Amino acid sequence: MDRIQLAVPHDYLVGAVPLFVGIVLVVILVSAVAIGRRVRRRQPPPPRTPQPGAGSWHTNRDHGADTDRG
């Protein structure tokens with residue numbers, strides 16, 4: 001009977017290349033987060049005063065219109 005070879009014996013690239021690519025991706029992602037945090041730290045903080053219309057729902061009655069458009 002002939003033997004069918006299912007895998008290449010002693011081929012270390014099959015496991016080493018995906019490991020190397022994974023390590024490179026992790027390094028890229030960690031450095032991107034570090035650079036993003038550094039850039040964010042250099043930006044001025046947002047203003048502490050309330051901004052017009054921030055965090056509120058306005059209805060037609062708030063603007064003086066009593067018509068229902070819905």
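**Exercise 1.** In which helix does Phe20 lie?

*Solution.* The model is predicted: local features need pLDDT of at least 70, side-chain atom pairs count only at pLDDT 80 or more, and totals for chains, interfaces and linings use all residues. Residues are numbered from 1 along each chain as its sequence is written, and side-chain values use heavy atoms, without hydrogens and water. Helices are DSSP runs of H or I with at least four residues, strands are E runs of at least two, and both are numbered from the N terminus. Phe20 lies in helix α1, residues 13–42.

**Exercise 2.** Is Phe20 buried or exposed?

*Solution.* Buried means under 20% relative accessible area, exposed over 50%, partly exposed in between (1.4 Å probe, protein chains only). Phe20 has 58% relative accessibility, so Phe20 counts as exposed. Of the chain's 70 residues, 0% count as buried.

**Exercise 3.** Which residues form the positive surface patch?

*Solution.* Patch residues have over 30% relative accessible area and no salt bridge; like charges are joined within 9 Å, nonpolar side chains (Val, Leu, Ile, Met, Phe, Trp, Tyr) within 5 Å. A salt bridge puts a side-chain nitrogen of Lys or Arg within 4 Å of a carboxyl oxygen of Asp or Glu. The positive patch consists of Arg37, Arg38, Arg41 and Arg42. Arg37 lies in helix α1. Its relative accessible area is 59%, so Arg37 is exposed.

Terms used
Areas by Shrake-Rupley, 256 points an atom, 1.4 Å probe, with all protein chains shown as cover. Lys, Arg positive; Asp, Glu negative; His and termini not counted. Charge placed at Lys NZ, Arg CZ, Asp CG, Glu CD.
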